Amino acid sequence: MKLIGSILFITACSWVGFDVSKQLNKRAHELRSFIYSLQLIEAEMAYSRHTLKDIFLNVKRKTEGEVASFYGRLAERLKKPVTHFETLWHDELTLLKKRSTLKDNDIHILSQFGKNIGNHTIEEQKKQIKLTVFYLQKQLDEAIDQKNKYDRTVKSLGFLFGLLIVLILI
Amino acid sequence: MEEILRLFPTPIKEKLTKQMENRWQDLLEIRLRMFKPIELNFTHQVEWLTESIDDADRNYILNQLSEHSLYRYEEELREGYITIEGGHRVGLAGKVTLADNRVKSLKFITSFNIRIAHEKIGVAQGIVRYLNENTDYLHTLIVGAPQSGKTTVLRDIARLMGNGIENVPAKKVAIIDERSEIAASKNGIPQFDVGMRTDVMDACPKSSGMMMMLRSMSPEVILVDEIGKEIDVQALLDVFHAGVTIVCTAHGSSIEEVKKRRSLKHLFHEDIFKRYVFLSFQQAKGFQYEIYDEHGNRLMKMLEKER
């Protein structure tokens with residue numbers, strides 16, 4: 001009985017460790033997705049001259065996970081008359097923050113970008129997209145760095161913590 | 001008229017719907033100016049809405065016009081108009097920014113003029129039958145002041161020529177629709193009836209569009225709206241020498257005045273046009289047209305109560 005309990009406990013702790021590591025991976029993945037989506041937006045603005053609504057729909061189709069549903073919700077809400085696009089963008093970012101692994105800093109960069117989207121000429125939009133991609137890339141580098149640093153540590157920490165508690169209690 | 005009403009903030013939208021009742025067919029223009037009452041121009045009278053627009057309304061209207069995507073309208077803002085769904089043209093005025101002495105963009109837009117596009121099927125029925133010789137159409141110039149119905153007539157001419165009339169079979173018609181007003185295309189598909197055998201080059205500069213159509217679509221008739229620049233005239237001459245019939249419109253208060261225009265003089269040197277249609281519109285008399293041949297003889301004069 002004790003043995004089974006101990007194994008269960010250790011498994012649970014290891015699982016928590018693995019989960020934390022997964023979150024670290026996921027953030028890098030989501031940041032990469034956002035960088036890709038911004039590049040899509042730039043191409044669509046410059047070449048196909050679609051409206052924001054259509055651009056977001058296209059981006060939704062070409063991305064996945066939380067990033068895709070973020071753009072999907074934006075496109076959906078743009079179907080009705082919208083007074084301030086910035087508010088819409090901000091609302092959706094708040095929701096995104098809850099649902100994704102992105103951190104405050106990442107959201108902040110995206111929120112800055114939302115203030116300028118749709119109000120400028122193509123050249124200016126390109127500049128803003130480049131700048132946003134630049135900042136997001138930094139966040140991505142940091143995320144990858146963290147992942148490399150802590151990935152193994154958190155995984156083994158989970159297991160070892162479980163083992164420690166079991167040993168103490170036995 | 002949903003495509004026009006959607007431009008306005010709710011309070012203005014409600015007032016406008018109430019005032020308009022079901023007179024949309026008679027409405028020519030809605031003019032908005034910052035902090036001034038809204039002007040409604042009907043066929044026979046002018047009315048005012050006590051509502052005016054402020055900064056927030058202006059931004060709302062601009063956002064709805066561009067669908068939050070101003071980057072799509074760089075060229076249009078430079079030219080001073082945006083064409084919306086339904087072929088309605090919204091003229092803009094405000095403060096211009098310059099770069100190298102060229103208009104770069106329009107900032108601080110303060111006036112909007114929403115010109116309601118009307119599809120008047122059959123309006124050119126009486127005109128088209130004077131524009132042919134045997135089974136071929138003749139080169140035609142349509143002259144009229146702004147708001148005299150040039151585009152409406154041109155659209156119906158395209159429809160009639162593309163569908164064929166009693167004694168002239170349908171022709172291959174090409175429309176160069178630089179401002180998307182003639183056919184009101186949405187993603188390239190005409191929203192107005194422009195005829196069976198009609199091809200539309202949408203949002204294309206007239207001069208390049210005419211050449212593209214000439215090279216690739218073997219048209220028998222080419223229709224363009226509002227010629228004025230020398231580069232358009234050059235392209236028209238090429239079309240003429242290629243043996244394709246030209247139907248085009250020009251701004252002017254009389255045919256004589258248009259003939260004097262410097263940028264158009266080459267067209268008249270070569271005596272291209274065999275028919276001249278003069279359109280006029282007065283609130284008291286309504287819509288009128290006159291047709292002349294190349295020697296200036298009047299072939300017919302027509303008066304319609306309703307535009």
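These legends go with several close-up views of a predicted model. Residues are numbered from 1 along each chain as its sequence is written, chains are lettered from A, and ligands are numbered from 1, in the order in which they are written. Because the model is predicted, local features need pLDDT of at least 70 and side-chain atom pairs count only at pLDDT 80 or more, while totals for chains, interfaces and linings use all residues.

**View 1. Chain B as a whole.** Chain B has 10 helices and 16 strands (DSSP runs numbered from the N terminus: H or I of at least four residues for helices, E of at least two for strands). Its radius of gyration is 20 Å, close to the 19 Å that the globule rule gives for 307 residues, so chain B is as compact as a globular protein of that length. That radius is taken over C-alpha atoms, and the rule is 2.2 Å times the number of residues to the power 0.38. Along the principal axes, the C-alpha atoms of chain B fill a box of roughly 55 × 45 × 35 Å.

**View 2. The two domains of chain B.** Domain 1 covers 2–115 and domain 2 covers 125–304, with bounds from an automatic or database domain assignment. Their centres, taken over C-alpha atoms, are 28 Å apart. Where they meet, eight residues of domain 1 are in contact with nine of domain 2 (C-beta atoms, placed from the backbone, within 7 Å).

**View 3. A six-stranded sheet in chain B.** Read across this open sheet and you get S3-S2-S1-S6-S5-S4, with antiparallel pairing (strands pair if DSSP finds at least two bridges between them). S3 (46–52) and S4 (81–83) stand at the edges, each with a single partner strand, so one side of each has no neighbour in the sheet. Zoom in on S2 (residues 37–42) and S3 of chain B, and you'll find five bridges in the antiparallel sense. One to look for: B:Leu40 has B:Glu47, in S3(B), as its bridge partner.

**View 4. Two helices packed in chain A.** H1 (residues 2–48) and H6 (residues 122–169) of chain A pack at about 170°, their axes 8 Å apart. The axes are lines fitted to C-alpha atoms over the stretch in contact, and angles run from 0 to 180 degrees between N-to-C directions. H1(A) and H6(A) are therefore roughly antiparallel (angles over 145 degrees; under 35 is roughly parallel, 65 to 115 roughly perpendicular and the rest oblique).

**View 5. Where chain A meets chain B.** Here 16 residues of chain A are in contact with 12 residues of chain B. Helix H2 (52–62) and H6 of chain A each supply at least two residues of chain A's side.

Terms used. Two residues are in contact if their C-beta atoms, placed from the backbone, lie within 7 Å.
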